[in-house]
Amino acid sequence: MCPNCEDFARTVLLLGQLALYADMADADLDFVEAVSPSLAVSLPEPPPGYDLNGGPASAGDR
């Protein structure tokens, strides 16, 4: 996986995990409110050829 793909995928994963955490009954919503904007702003642009529905495009998709 290309380095930019890895950064993008990792940030998307963290945003998803944060969203799941925010839905938990005992979630610290102050933490969620403090972290989520910074994490969202750090989301890099999807790398060229990145399939937003399934991750990096396979060689046959390019």
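In which helix does Thr-11 lie? Thr-11 belongs to helix H1, which covers residues 3–22, in a model that is predicted. The protein chain contains two helices and two strands, and reading along the sequence gives the pattern α-α-β-β. The points below begin with the chain as a whole and then turn to particular residues in the helices.

**The chain as a whole**

- Of the 62 residues in the protein chain, 18% are buried, and the accessible surface of the chain comes to about 4600 Å², with 58% of that surface belonging to carbon and sulfur atoms.
- Among the contacts in the protein chain that join residues at least 6 apart in sequence, 57% are between residues at least 24 apart.

**Confidence in the prediction**

- The average pLDDT of the protein chain is 82, and 82% of the residues score at least 70.
- Confidence in the protein chain is highest in H2, with a mean of 94, and lowest in strand S2 (residues 55–56), with a mean of 58.
- Where pLDDT is low, the predicted coordinates should not be read in detail.

**Thr-11 and its contacts**

- Thr-11 counts as buried because its relative accessibility is 10%, which is under the 20% limit for that class.
- Once neighbours within four places in sequence are left aside, Thr-11 is in contact with Leu-39, Ser-42, Leu-43 and Pro-44.

**Ser-36 in helix H2**

- Ser-36 is found in helix H2, which spans residues 29–41, and its relative accessibility of 25% makes it partly exposed.
- Not counting residues up to four places away in sequence, Ser-36 touches Leu-15 and Leu-18; the C-alpha atoms of Ser-36 and Leu-15 are 7.3 Å apart in space, although the two residues are 21 apart in sequence.
- A polar atom of the Ser-36 side chain lies 2.8 Å from the backbone oxygen of Val-32.
- Ala-19 has its place in helix H1 and counts as partly exposed at 41% relative accessibility, while its C-alpha lies 8.7 Å from that of Ser-36, with 17 residues of sequence separation.

- Side chains of opposite charge can pair when their charged atoms come close.
- The count of salt bridges comes to two, and Glu-6, Asp-7 and Arg-10 are linked by them in a network.
- Glu-6 forms a salt bridge with Arg-10 in which the closest N and O atoms are 3.5 Å apart; Glu-6 and Arg-10 both lie in helix H1, four residues apart, which is about one turn of the helix.
- Asp-7 also forms a salt bridge with Arg-10, and here the closest N and O atoms are 2.7 Å apart; Asp-7 and Arg-10 both lie in helix H1, three residues apart, again about one turn of the helix.

Technical notes. Residues are numbered from 1 along each chain as its sequence is written. This is a predicted model: local features need pLDDT of at least 70, side-chain atom pairs count only at pLDDT 80 or more; totals for chains, interfaces and linings use all residues. Side-chain values use heavy atoms; hydrogens and water are left out. Buried means under 20% relative accessible area, exposed over 50%, partly exposed in between (1.4 Å probe, protein chains only). Contact means heavy atoms within 4.5 Å. Accessible areas come from the Shrake-Rupley method with a 1.4 Å probe; for residues, only the protein chains shown count as cover. A polar contact is a pair of N or O atoms within 3.5 Å; within protein, one must be able to donate a hydrogen and the other to accept it, and residues adjacent in sequence count only if both atoms are side-chain atoms. pLDDT is the predictor's confidence in each residue, from 0 to 100. A salt bridge is a side-chain nitrogen of Lys or Arg within 4 Å of a carboxyl oxygen of Asp or Glu.
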